[in-house]
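Dear colleague,

I am passing on the structure we spoke about, and you will find it directly below. After it I have set down what came out of the analysis, beginning with the chain as a whole and then moving to single elements and pairs.

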Amino acid sequence: MFLNCHTYFSLRYGTLSPRQLAEKAAQWNIRTLALTDINNTSCASEFIGACRSAGINPVLGIDFRDADGQQLFIGLARNAAGWKALNRLLSEASLQGKPLPPVAPELEHVWIVYPKLVKPIHLFRENELLGIRPEHVNRLFNHELLRFPQKLAALHPVSFLDDEGYRLHRLLRAIDKNTLLDKLLPKDGAKKTDRLLPPEAAEALYRQYPQLIQNTHRVLESCQVSLECGLSVNRQSFTGSKDGDFLLLEKLALSGCRKRYPDQPLAAKALERVRKEMDTIRNQDFCAYFLIAWDIVRYAQSTGYHHVGRGSGANSIVAYCLFITDVDPLELDLYFERFINPYRASPPDFDIDFSWDERDDITDYLFKRYGKEHVALIATYNTFQKRAAIRELGKVYGLPKAEIDKLPDNPDSADSLTEPTPEILRYAALLDGFPNYLSIHAGGVLISERSLYEHTALQMMPKGFPVTQFDMHHAEAIGFHKFDILSQRGLGHIKDAVDLAYQNQGQRADVHDITRIKEDERVKALLRSGHCIGCFYIESPAMRGLLHKLRCEDYVHLVAASSIIRPGVARSGMMREYIRRFHQPHGFAYPHPVFRERLGETFGVMVYQEDVMKIVHHFAGLGLDESDILRRIMSGKKYKDDTFERLRRKYFDNCSARGYPAKLAEDVWKQIESFSGYSFCKAHSASFAVESFQSLFLKAYFPLEFMVAVINNFGGFYATEYYVHEARMLGGQIHAPCVNHSAYLTTLRGTDVYLGFVHLHQMERQTAHRIAYQRACGGLFRSLADFVSRVDIHPEQLELLIRIGAFRFTGKSKFELLWEKNALFNPRHGFDAQPRLFEEDPAEGGERPQYGIPGLPDGPHDQAFDEIELLGFPLCSPFDLLPEEWRYRQGVAARDFPQYLGRVIDVPGYYVCQKPVRTAGGQRMAFGTWLDREGRYFDTTHFPNFLQQHPFQGKGAYAIQAKVVEEYGFYSLEVIRMERLPYVRDGRFG
C-alpha cells in the first residue's frame, strides 16, 4: 500500500531511520514496504536487512526530484535489473551534470508512478501509473481518468510517524532552504498527512475506488529485489582467471622475496612464510586484491611517485615482497592474521599513502584502468551533531546571532527556559546523528566485478570523481573490500626534497634503501637529539620530548614511540610506565615468562594491537585468528553471535588447563581488556617510522633542501614561520620575496632561500607566474620601470611587492619606489605587451621629465613590520623588535637549563604554540613551546592557578619567569608568571 516511503537518507527531508520505518511497519502488520528516498540510494542494503528482520518484503525504488525539490516521478524496481536501471538513471544525471528528465525514459523491469499528469494518460506505457494522493481521491468523481482505472495507483507518501515527526520534518526543510520556519512555503515540504498509517486506515482513504488499492498491491507484489552480497561483489581477477592470478602473484612474491631477503638463513624463514601466506590468500580468494594493490604501486613507481603502504596490510610478507609496503614483518614479528584470517568478519584493506598533489592522478588511473561503472570513491555521511544542530535551529527560529552563539555552550542556563529555546534543544537532540549531506571518504576506493549500479547510484562530487551513495560501513556489510588511496604532505616533503637535492647539489638521494638509512649514524644522531622539526610524525613538542627521554636512536624504539605517543596510551598512564621501565629495566617484574619472551622489546608493556594477539595466543593458547577476533571485539567491533563469550570461556579454560593461578589469568585478562580500547596497530606505527627515517635522512644530509620542501608543501605541525626559522638555523640565508630571484613557491640556490610569492598575503597566483615567465624570457629586471614595462600587474599588486622589498636590488628606498610607481602608472593606458627591441634612450624623443623626490629613507624596523603585515612574521629575530630595555636583557638560554635545575629563572621566549588541556578536576592548564634568543626550542608547563593569572596573549615575545625541571634528561620550565612584551613603535606611520 505504501509506494513512496522516505528515511532520513532523504537528506534534510525524512525523519526515520530504516530500522524505525521497518519496525513500525511490522507493528501494524504491513507486509510489503517500498523504500524511495529522494535522489538517494544510501540505505538500500540496510533497509533490506531491517525489513527481512521484521518479516517484511522490501521493495527498492527512488523518488526522483528536480533541483527545486519538486517531485518528478517515483521509480520502483521489479527486480535487480530494474534497480540497476534506476541507479543508472540517477547516476547519469549527476555524472553528466544534467537535470533529471520530467518524464521517465523507457526502462525495463521498473514501475514508474507519476504524482501528476505529465502527458495524456492514454499515452502512458505499460509500466507507468498515475499516483492519486488521498486528498485528491474526491476529485476522481466523474473524472475522465476513471476511464483508465488500470493506470491509477494509491500514492500515500511516508516521511514521518506523528506530529512531532512532522514538526521535525519542517525544521529540516527550513534548514535546507536556509529560511525562517514561518516563511517555509507549503511546496517546500511534505503534507501533514504524509505519515505511516495502519494498512486498514490507509486503504480506507481509497475505499471509493478499490481498483486503486488493487493496482497498488499488484505493483508491490510484483517487486522482488535482492542485492548480491559477499566477496564476489569485488573484482574477481586481475589476469582474467583466478588460476592466472595465483601464478602471477606467486611469481611476484617469490621474486620479491629474493630481493628483500638476499641472505640466508633469513631467506629460508621468509620463503616459508611467503608460501604460508600464499595458501591463505588463495584459499580466501584475495589474489586479485593483492595484484590490484601491486598494480597501483607499479603505476606510481612508473611515474616517479613516492608512496607508503601502511595499515594492517603491512603485516603481510607478501605485501612487503611486492613492494606495496616497506615494513619487514619478520623484523618486527608482525602477524599476518592481524590482516587476513578465516574468521575475520570484515574484508581487509590496504592503506597506500601518496603525496597530496599526486593522489588524484592515482585515483584517475584506477577509474581509467578498471572502468567507470566499476570504480567509485566511498561516501561518508556528514551527520548533524548536537551543537551544530542547535545553531541551525536557532537560525530557523530567528534567534539573534548573539543568543545562538551562547546557546551551545550554555544549554542549561536560565535563558534556556524561555521560548523557543526548550524546543530548539529538544529537536537538536532528535537531530543528533541524522545524516546531513554526503561527503567523500578520506581515500576509500571500491573496484567491483559487476556494475556498481547493481548496488548504488553514483554521485559526482566537486573533486571530479564519483562516489557511491553508501558509506564504508554499508560497503563492508555488502562485502566490498576497499583500497585506501590516501594523501599526506609528508610524502610531498620527501619527494620535493629529493628533487631539490638533485637540482641544488647534483646528488640523487636514495630514500628507498630503508635498511641502510635505519643504520646510518647521522640519522641516528639526529633522531636521538630530538631535532626533528619538519620530519614526519616526530616533530611535535610532545614527540620531541619523548624521543629525548627515551634516547631513541633505532627503528624498533621509534616504532614503539610512534605508538605510545597517541592520546589513549598517554592518558592510560602506559606511556609513563614505558619510559620508567626503559630507564629501569630491572625495576619491574614480568607477570609470566611469556611476557618477557613476547613483549621484551617493550618491557612487558602492551603497546600495540598485535600485543593483545601475542599474549592471547602464546599465554592462553588461542589460535592467532581467534586472538585477532577477540582483539577486534574488545576494540568495539560488533559480532552478531556469542563469539566474545565463547572466546572468553576458552581463554580461562586454557589458562586453567595450563595450570595458571586463577588470579594470574584474571589479572592478564583485565590488562588485555583495558589495553585493547586504546591500542594502535604496530604495522601502522612501523609504516610511520619508515617515513620518519626517510625524513630524518634527508634532513641529515640535505637540510636546506628538506626544509624548503617542507615549506613548499604547507603541511606539518608548525606554521610556515617556524620552518623558515629552522632553515635559518641549518645555515640558510633567508630572503624576502624578490622579483629577480623568487618564484611562486620558495626557491633554493646554494644556501640562499628566497621565499615564494605564495607567502605574500593577497598576492595573486597569476601575477607571480607572470613575473617568473617574463624573467625567464627577458632576463633579470633592471629597474622598476623595466619591470612595469614587461609585467602586466595591477597597481595594488605592485605596491605589495615594493613594500615587501622585492625591488631592493635597485638600491632605492620603498618611499622612492612608491613615488616612482605613481609616475610610471597611467590608468588611462592599457598594458602594452609588445616586447621592446631596444631600451629607450632618454636622448631620443626628448628628455623624460625629472621630478625631485624628498629624502625619505626607510626606518630601521620598517622592513620587519612590513614582513609581519604581509608575510605574517618577521625575517629578523623577533627579539630585535623589543624596546631597548628588553632588547639587551639576555636571560637564560635553553642550552643552559641544566645549570639551573630546581631554580627559578627569567627567560625571554618567542611564542610558537600551545596545547590547552584539562586536569582530572576539569581545570584548564596548558603546555607551551617557545624559541629562545639563540633560536632553540624549549617547553613550558602552565598549571591552572598560574595560567589563570598569566594567560597566553597571542603571538609575540614574552618575559617568562619559571622553575627549571627535569624528567629523564629532558629539561623544561614550570611557569610562575609571564608577560607579553611590546614591540618598538611602528615608525612607518610617523
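The protein chain contains 37 helices and 21 strands, and please keep in mind while reading that this is a predicted model. Taken along the principal axes, the C-alpha atoms occupy a box of roughly 95 × 95 × 65 Å. Of the 990 residues, 54% count as buried, and the accessible surface amounts to about 44100 Å², with 50% of that belonging to carbon and sulfur atoms.

Strands β20 and β21 form a hairpin that has 2 residues between them, and Tyr968, which sits in the turn, has a positive phi of about 50°.

Among the helices, α19 (residues 541-550) is mostly covered, given that 8 of its 10 residues are buried. The buried residues include Leu546, Leu547 and Leu550, but also the charged Arg544 and Lys549. The residue that follows α19 is Arg551, and its phi is positive, near 45°.

The structure holds 64 salt bridges, of which I describe a few.

In the pair formed by Arg133 and Asp194, the closest N and O atoms are 2.7 Å apart. This pair links distant parts of the chain, since Arg133 belongs to the loop between β5 (128-132) and β6 (152-154) and Asp194 to the loop between α4 (163-177) and α5 (199-204), 61 residues apart. Both Arg133 and Asp194 are buried.

Arg528 and Glu553 also meet through their side chains in a salt bridge, at 2.2 Å from N to O. Because Arg528 lies in helix α18 (residues 521-529) and Glu553 in the loop between α19 and α20 (555-564), the pair ties together parts that are 25 residues apart in sequence. Here Arg528 counts as partly exposed, at 33% relative accessibility, and Glu553 likewise counts as partly exposed, at 32%.

What separates Asp786 from Arg790 within helix α32? The two are 4 residues apart in that helix (residues 784-790), and therefore about one helical turn lies between them. An α-helix has 3.6 residues a turn, so residues three or four places apart point the same way. The side chains of Asp786 and Arg790 meet in a salt bridge, at 3.0 Å from N to O. Asp786 has a relative accessibility of 8% and so counts as buried, while Arg790 is buried with a relative accessible area of 13%.

Finally, salt bridges that share partners join Arg803, Lys814, Asp866, Glu869, Asp986 and Arg988 into one network.

With kind regards

Technical notes. Residues numbered from 1 in each chain as written. Predicted model: local features only at pLDDT ≥ 70, side-chain atom pairs only at ≥ 80, totals over all residues. Heavy atoms only, no water. Buried < 20%, exposed > 50% of the residue type's maximum accessible area, 1.4 Å probe, protein only. Areas by Shrake-Rupley, 256 points an atom, 1.4 Å probe, with all protein chains shown as cover. Pairing = 2+ DSSP bridges. Salt bridge = Lys/Arg side-chain N within 4 Å of Asp/Glu carboxyl O.
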